[in-house]
Amino acid sequence: MMTTPTTPNAGGAPQLTGTLLLPESGTPELLFIYLHGVGARGDDLEPLAQAIGHYYPQAAHLLAEGFEPFDQAPFGRQWFSLQDITETNRPERIAAVVPRLIAEIEATRATFNLAPQRVCLVGFSQGAILALEAAQAAHGLLGHELAGRVLAFSGRYATLPEEPPTDTVIHLFHGMADPVVPARHSVDAGEHLVALGGDVTADVLPKIGHEIPEALMRKALERLQTFIPRKVWEQAVREAEAAESRTH
């Protein structure tokens, strides 16, 4: 993959900034957008992007930078502040940045002329929280989905949704030994979305903390390559039944 910095869209809607990894040749057919954890930088997720890129050579990968400097250290970025955060005020802080994130993802997608279903949001920790919440809120703000898939590592919802995200597959990944964001958040979210009829998977592995080790990377690649969304499966069943009825 080739590396190039992103530049603001002069005269247009703001795009996400960060490091852009492009295919060696040809036009990107997929777009993976990576949202890092608090106090980190976009490039911290490059090993995951390289692993995914090995199987999707015609994909572009944007290692996005958080909206603000990290307010608890002289380095790193954040999407929203964790100063004095509580379960009560967490949803408000997330809701304050989600519309901006959705708008910048949409502007970024437009530069590649790709349909939303060809976008995958990949988030870790705070970035996973925003990926989940943005995918949930997008249909109400845009009238269509933000991305075809979300890969959420060590994340959670601020509040469990009342309905599944429209036309978006959610893949949850967590370590059982995570001391920062307990794994129960992914388990609860997975069970909740399944009960609502959503397309979701949840992989929780033992002896893994707040990190993305190779074992979780392999799980993510497995889900990307093998999981068939319900809508696609149901369409295939309908077509098979229609073909069978024509033969009788």
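On one side of helix H4, Glu 191, Val 194 and Ala 195 are exposed, where exposed means over 50% relative accessible area, buried under 20% and partly exposed in between (1.4 Å probe, protein chains only). The buried residues of H4 are His 185, Ser 186, Ala 189, Gly 190 and Leu 193. These five cover an arc of only 130 degrees around the axis, which puts them on the same side of H4. The arc is taken from the directions that lead from the helix axis to the C-beta atoms. The structure is a predicted model, in which local features need pLDDT of at least 70, side-chain atom pairs count only at pLDDT 80 or more, and totals for chains, interfaces and linings use all residues. Residues are numbered from 1 along each chain as its sequence is written, and side-chain values use heavy atoms, with hydrogens and water left out.

Helix H4 covers residues 184-195. Its twelve residues reach 16 Å from the first C-alpha to the last, close to the 16 Å expected at 1.5 Å a residue. The expected span is 1.5 Å times one less than the number of residues. The buried residues of H4 pack against strand E9 (169-175) and strand E10 (200-205). Contact here means heavy atoms within 4.5 Å. Helices (H or I, at least four residues) and strands (E, at least two) are DSSP runs, numbered from the N terminus. Just after H4, Gly 197 takes a positive phi of about 90 degrees.

The protein chain as a whole contains six helices and ten strands. Buried residues make up 49% of its 248 residues. Of the contacts with a separation of 6 or more, 69% join residues 24 or more positions apart.

Leu 216, Met 217, Ala 220, Leu 221 and Leu 224 of H5 are buried. They cover an arc of only 140 degrees around the axis, which puts them on the same side of H5. Their packing partners are strand E3 (30-35), helix H1 (46-55), E7, E8, E9 and E10. Ala 220 of H5 has a relative accessible area of 0% and is buried. Not counting residues up to four places away in sequence, Ala 220 touches Leu 151, Phe 153 and Phe 173. The C-alpha atoms of Ala 220 and His 171 are separated by 7.7 Å, although the two residues lie 49 residues apart along the chain.

Helices H2 (residues 90-112) and H3 (residues 126-142) pack at an angle of about 75 degrees, with their axes 9 Å apart. Axes are lines fitted to C-alpha atoms, for helices over the stretch in contact, and angles run from 0 to 180 degrees between N-to-C directions. H2 is therefore roughly perpendicular to H3. Angles of 65 to 115 degrees count as roughly perpendicular, under 35 as roughly parallel, over 145 as roughly antiparallel and the rest as oblique. On the H2 side the contact is made by Ile 94, Val 97, Val 98, Pro 99, Leu 101, Ile 102 and Glu 106. H3 contributes Ile 129, Leu 130, Glu 133, Ala 134, Ala 137, Ala 138, Leu 141 and Leu 142. These residues divide into 13 nonpolar, no polar and two charged. Ala, Val, Leu, Ile, Met, Phe, Trp, Tyr, Cys and Pro count as nonpolar, Asp, Glu, Lys and Arg as charged, and the others, Gly among them, as polar.

Val 98 lies in helix H2 and is buried, with a relative accessible area of 5%. Leaving aside neighbours within four places in sequence, Val 98 is in contact with Leu 130, Glu 133, Ala 134 and Ala 137. Val 98 and Ala 138 are 40 residues apart in sequence and 8.9 Å apart in space, C-alpha to C-alpha.

Most residues other than glycine have a negative phi. Ser 125 has a positive phi of about 55 degrees. Ser 125 sits in the loop between strand E7 (119-124) and H3, and is buried at 8% relative accessible area. Ser 154 also has a positive phi of about 55 degrees. Ser 154 is found in the loop between strand E8 (149-153) and E9, and counts as buried at 0% relative accessibility.
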